[in-house]
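Subject: Structure handover

Hello,

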Amino acid sequence: MKALQTSWATQYEDQGYFVIRNYFSESEMSALRDVISVFHEKWKQDNAKFYEEVAFNSSLVTGSQYLGATDRMTLFNFISSPKMMQVIESLIPTQAAFMNTQLFFNPINPELKDFWHRDCQYDHDLAGQKKAIAETQVVHLRVPLFDELGMELIPGTHKRWDTQEELDVREEENGRRSNDSLPGATSIPLAAGDVLVFSADMIHRGLYGLDRLAWDILVFDATADFADYVDPDCLPTPAMLSKIHDPRLFAKTLSLTSGN
């Protein structure tokens, strides 16, 4: 396993992503689907207008608003399972912390197109984005619940700034649109059971179509300053924490958010 973890880390360092095929069994995926479908249906009912007009994702899947304690525990134990921890610790060996989860789906509004972005662009101006890319990054672990078209990524952009064309498309400048094709993109179709690991701050876009329902787990290095991005409700309660098979990922975040 150590050699495999080294291989994952090497590819991530070089390309900004790696994909592991058939990593989860059908029984693991079935249990995950059962829980996340409960969240998704309740979330859609509660956010009907938003869902119909502009939505393509939701967040706080592990929170208490739509799921009971048993279902939340299922998600917490999946996130911190040996399989997931092997992947996470290949990139963040000792200080991994849980941030959030997101659920990505096809938008109802046909005018919404899949768009190129870096996650950091929603929190920072261009100078701040350059700083974020250079200093520290959040890691996405994408688990598709069904076979889907997957994602497009531009390898290496987790470590470099945009070309002029990339910036024009991402920022929709000089007549370009954020869904225009970009040179150097790699398309990664995904199947249920796969896991795609990628830098949140590389240039990427999800591809709409098929039965897209992808669950993203976001983790970060605890030495970075991301604790303010964590919503406490998506974390386990103390009672839950004591029952999680491997609570380290969540315990680290709780220590950051509690000021310990």
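Start with the second largest pocket. Its lining divides into 8 nonpolar, 4 polar and 4 charged residues. Here Ala, Val, Leu, Ile, Met, Phe, Trp, Tyr, Cys and Pro count as nonpolar, Asp, Glu, Lys and Arg as charged, and the others, Gly among them, as polar.

First, the ground rules. This is a predicted model: local features need pLDDT of at least 70, side-chain atom pairs count only at pLDDT 80 or more, and totals for chains, interfaces and linings use all residues. Residues are numbered from 1 along each chain as its sequence is written, and side-chain values use heavy atoms, with hydrogens and water left out.

**Pockets**

The second largest pocket holds about 340 Å³ of space. It has 16 lining residues, and Y12, E13, E135, T136 and Q137 lie nearest its centre. Two or more lining residues come from each of α1 (2-15), α6 and β9 (213-221).

The largest pocket holds about 800 Å³. Its lining has 35 residues, and D119, C120, D123, A200 and D201 are the closest to its centre. The elements giving two or more residues to this lining are β3 (96-105), α6 (126-135), β4 (139-144) and β8 (204-206). By class, the lining has 15 nonpolar, 10 polar and 10 charged residues.

On terms: a pocket is an open set of points on a 1 Å grid over the protein atoms alone, where a 1.4 Å probe fits, with protein on both sides within 12 Å along at least five of seven lines. Lining residues have an atom within 4 Å of a point. A volume is the space filled by probe spheres set on the points, which are joined across faces, edges and corners. Helices (H or I, at least four residues) and strands (E, at least two) are DSSP runs, numbered from the N terminus.

**Sheet**

An open, antiparallel sheet of 3 strands runs β6-β5-β8. Strands pair if DSSP finds at least two bridges between them. β6 (186-190) and β8 are the edge strands, each pairing on one side only. β5 (residues 148-153) pairs with β6 over 4 bridges. In β6, S187 is the bridge partner of E152.

**T253**

T253 sits in helix α9 (residues 248-257). Is T253 buried or exposed? It is buried, at 0% relative accessible area. Buried means under 20%, exposed over 50%, partly exposed in between (1.4 Å probe, protein chains only). Beyond its neighbours within four places in sequence, T253 contacts A97, F98, V230 and L235; contact means heavy atoms within 4.5 Å.

Best wishes
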